[in-house]
Amino acid sequence: GQVALYAPTGTKARAALSALRAVEGTDMEAGRIYSGRVVELEDYGAVLEMANGTRHFLHVSEVSRRKLRDIREVLEVGREVEVMCKGLDAQGLVVLSLKQMQPPEGGQEAQQQQQQQQGE
């Protein structure tokens, strides 16, 4: 649906929009780290309950850098995790990533080589 927001000033409109986004859970910023608790697990992903009480979906493709046979190899209900917000998808839903919190494949050595190559 759509929501129309009216306010007497721009400042009050921004404050109202910020409050509305907090309620719906879309106030999360791309690139920021958030804590959540796994409340449901499915073969295709997990539902996380964030600190503010909103629930967001974590797709299985964003759980690990390695291919998983079963999401339960990495997650379990009740586990607290830190995830990165990647932004909003085309439907306006929050996209979360656990794998962005993991070091690149190849460990520290590969990461150091990448940094050296970028510095050249």
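View 1. Five strands form an open sheet in the order β3-β2-β1-β4-β5, with antiparallel pairing. Because β3 (55-59) and β5 stand at the edges, each with a single partner strand, one side of each has no neighbour in the sheet. From one strand to the next, the twist averages 50°. Strands are DSSP runs of E, at least two residues long, numbered from the N terminus. Two strands count as paired if DSSP finds at least two bridges between them. Axes are lines fitted to C-alpha atoms, and angles run from 0 to 180 degrees between N-to-C directions. The model is predicted; local features need pLDDT of at least 70, side-chain atom pairs count only at pLDDT 80 or more, and totals for chains, interfaces and linings use all residues. Residues are numbered from 1 along each chain as its sequence is written, and side-chain values use heavy atoms, without hydrogens and water.

**View 2. Strands β1 and β4.** β1 (residues 33-42) pairs with β4 (residues 80-88) in the antiparallel sense, over 5 bridges. R37 has E80 in β4 as its bridge partner. Strands of a sheet pair through backbone hydrogen bonds.

View 3. β4 and β5 (residues 94-97) run antiparallel, joined by 4 bridges. L88 stands opposite V94 in β5. G87 has V95 in β5 as its bridge partner. The hairpin has 5 residues between the strands, and G92 takes a positive phi near 85°.
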